[in-house]
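Here's a quick briefing on a predicted model.

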Amino acid sequence: MEKVQKIDHLETSRLRLRRWKESDIEPFAAMNANPEVMKYFVRTLTREQTADMVANLDARFEAEGFGLWAVEVRDSGEFIGFTGLSRPKFESFFTPCVEIGWRLDHKAQGKGYATEAAQETLRDGFERLGLEEIVSFAAAINERSTNVMKKIGMKRNASEDFLHPMIDPASPLAPHVLYRLSRQDWQSQLR
Ligand SMILES: CC(C)(COP(=O)(O)OP(=O)(O)OC[C@H]1O[C@@H](n2cnc3c(N)ncnc32)[C@H](O)[C@@H]1OP(=O)(O)O)[C@@H](O)C(=O)NCCC(=O)NCCS
């Protein structure tokens, strides 16, 4: 990727996607310790793991000019989770790549916030960052997440379903689906 213009937030009609703050750690740790929010992950996170994660997430913005944004509701300023772009750390047939991802607190789900934040993240990824393709993947049983992928126009090719290399293959969380969206397909959907 060529040198990108740095920004510190994005906005949608209801949401602000912004750089992380110290004050996000408390509500984010509560989310990450909630088995319902973390239902499709191998484990919940401790407060210390969340604090490390926030530091790492914020560092990606400095290093690459993009990352997983902290998301807050514009009206209330309430922190509700994250949405944004990242590079998967494992190797697979579809890496290196840029992935779009999301995690919202339980009380913020079912309001269309994930889709709204994801649509703005795609726009930023294709326009400002000039990406050719953005992918997304989830445990095949995580229908709420794959539902967002479909709603933002991403497409799955069943021949690309895979077992996540960092999850025990015997786990029900191991089978994953891969969704892709090219810049060209994104542009043609806008018309
Ligand atoms: C995946 C996740 C982010 C999806 O959140 P979500 O709130 O279900 O997704 P959306 O923002 O698209 O909202 C969905 C629902 O909000 C409802 N909704 C209410 N008000 C709405 C509005 N104003 N606009 C749009 N949708 C609205 C819709 O009915 C929609 O459901 P539908 O698509 O079945 O009709 C959420 O389930 C989550 O954080 N899960 C835990 C973490 C996780 O698994 N992350 C993904 C790992 S791969």
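In H1 (residues 25-32), the buried residues include Phe 28, Ala 29, Met 31 and Asn 32. Viewed down the helix axis, the buried residues of H1 sit within an arc of 160 degrees, so they line one face of the helix. Among the elements covering those buried residues are helix H2 (47-64) and strand E4. That takes us to the strands, then to the core and the ligand.

**Strands**

- E4 spans residues 79-86 and is mostly covered, with seven of its eight residues buried.
- On one side of the pairing list, E4 goes with strand E3 (residues 68-73): the two are antiparallel and share five bridges.
- For a spot to check by eye, look at Leu 68, whose bridge partner in E4 is Gly 84.
- The hairpin of E3 and E4 has five residues between the strands, and Gly 77 there takes a positive phi near 75 degrees.
- E4 also runs antiparallel to E5, and six bridges join them.
- Across from Thr 83 you'll find Trp 102 in E5.

**Nonpolar core**

- As background, nonpolar side chains in soluble globular proteins tend to be buried together.
- Here the largest nonpolar core has 40 residues.
- Val 71, Trp 102, Ala 114, Ala 117, Ala 118 and Leu 122 have the most contacts inside that core.
- H3 supplies the largest share of this core, namely six residues.
- What does Ala 114 touch, once its neighbours within four places in sequence are left aside? Ala 114 is in contact with Thr 83, Trp 102, Leu 104 and Val 148.

**Around the ligand**

- There are 19 residues around the ligand, and Gly 112, Ala 114, Thr 115, Ala 138 and Arg 144 come nearest.
- H4 gives the largest share of the shell, five residues.
- By class, the shell has eight nonpolar, seven polar and four charged residues.

Note on methods. Residues numbered from 1 in each chain as written. Predicted model: local features only at pLDDT ≥ 70, side-chain atom pairs only at ≥ 80, totals over all residues. Near = placed C-beta within 6 Å. Helix = DSSP H or I, 4+ residues; strand = E, 2+ residues; numbered from the N terminus. Nonpolar A, V, L, I, M, F, W, Y, C, P; charged D, E, K, R; others polar. Core = buried A, V, L, I, M, F, W, Y, C linked by C-beta atoms within 7 Å. Buried ≥ 20, exposed ≤ 12 C-beta atoms within 10 Å, placed from the backbone. Contact = placed C-beta atoms within 7 Å. Pairing = 2+ DSSP bridges. Arc of directions from axis to C-beta.
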